[in-house]
Amino acid sequence: MSRRTRRPQRSTRADDDGDNSPTADQVSWFKAVFDLFAGNKNYMEKDDLKTALKQFNMRTNETMIEQMFKEADVTNSGKVQFSEFMSMMNSRMNKTDSEDQVLAAFRVFDTSDGAGQIDLPVLAHALTTLGDPLSENELNEMLQVCEKDGIVYYKEFINTMFGAKKEMTGPGAKEGGSEAS
């Protein structure tokens with residue numbers, strides 16, 4: 001098998017019953033990746049996971065790999081079985097879908113040519129009048145995380161909401177794009 005395995009499409013919505021289980025194509029892809037990088041073993045070790053992520057051009061760092069491995073290794077054995085690997089990868093793929101959807105929604109209102117900023121009155125009006133409107137308390141909770149001097153830094157909000165380490169601007173941003181303090 002070639003090391004270039006085509007990744008299946010992520011599902012963009014949950015099944016009608018809210019189930020985010022992987023599709024048959026995704027299970028096949030996870031199994032192919034697992035078998036490829038586990039070699040002759042029926043488990044992956046941390047170095048196997050690191051190699052797999054690197055091969056598929058997934059941007060990671062040691063901390064992220066450590067977190068992913070810890071998430072997958074539910075038995076704390078230092079070895080990740082296929083079912084653990086599949087569960088972790090499916091969870092991360094679904095999380096990415098949701099994060100991308102939220103980011104796309106905020107971008108509609110971006111007033112800074114893609115720099116991740118929205119003027120407060122524009123966003124406050126949209127969030128309290130459109131779709132499933134936020135209450136004033138809900139809006140204020142969100143703004144505590146991402147508003148400074150009348151500007152909403154929505155990448156900061158998404159970083160806080162999803163726990164990702166995306167490059168941020170605005171209040172609480174640290175050099176190197178780490179999490180807000």
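Three strands make up an open sheet in the order 1-3-2, and the pairing is antiparallel. Strand 1 (117-119) and strand 2 (147-148) sit at the edges with a single partner strand each, so one side of each has no neighbour in the sheet. All of this is read from a predicted model. As a reminder, strands of a sheet pair through backbone hydrogen bonds, and they can do so in a parallel or antiparallel way. Here, strand 1 and strand 3 (residues 151-153) are joined in the antiparallel sense by three bridges.

Helix 6 (residues 136-146), for its part, lies across strand 2 and strand 3, running at about 80 degrees to strand 3.

Stepping back to the whole chain, there are seven helices and three strands. Starting from the N terminus, the elements follow the pattern α-α-α-α-β-α-α-β-β-α. Of the chain's 181 residues, 34% count as buried. Taking contacts between residues at least 6 apart in sequence, 48% of them link residues at least 24 apart.

Now for the cores. The largest nonpolar core has 23 residues, and the ones touching the most other members are Phe30, Val33, Phe37, Met44, Leu49, Phe85 and Met88. At least two residues of this core come from each of helix 1 (24-38), helix 2 (46-55), helix 3 and helix 4 (82-107). Helix 1 gives the largest share, seven residues. Phenylalanine 85 is a handy place to look: leaving aside residues up to four places away in sequence, it touches Phe30, Val33, Phe34, Met44, Leu49 and Val80. Apart from this core lies another, of 13 residues, including Leu103, Cys146, Phe157 and Ile158.

Helix 3 (residues 62-72) deserves a look of its own. Ile65, Met68, Phe69 and Ala72 are buried in this helix. These four residues lie on the same side of helix 3 because they cover an arc of only 95 degrees around the axis. The general rule behind such spacing is that an α-helix has 3.6 residues a turn, so residues three or four places apart point the same way. At the start of helix 3, a side-chain oxygen of asparagine 61 comes to within 3.1 Å of the backbone nitrogen of threonine 63.

Terms used:
Residues numbered from 1 in each chain as written. Predicted model: local features only at pLDDT ≥ 70, side-chain atom pairs only at ≥ 80, totals over all residues. Heavy atoms only, no water. Pairing = 2+ DSSP bridges. Contact = heavy atoms within 4.5 Å. Axes fitted to C-alpha atoms, helices over the stretch in contact; angles between N-to-C directions. Buried < 20%, exposed > 50% of the residue type's maximum accessible area, 1.4 Å probe, protein only. Arc of directions from axis to C-beta. Polar contact = N/O pair within 3.5 Å; in protein donor to acceptor, adjacent residues only side chain to side chain. Core = buried A, V, L, I, M, F, W, Y, C linked by side-chain atoms within 4.5 Å.
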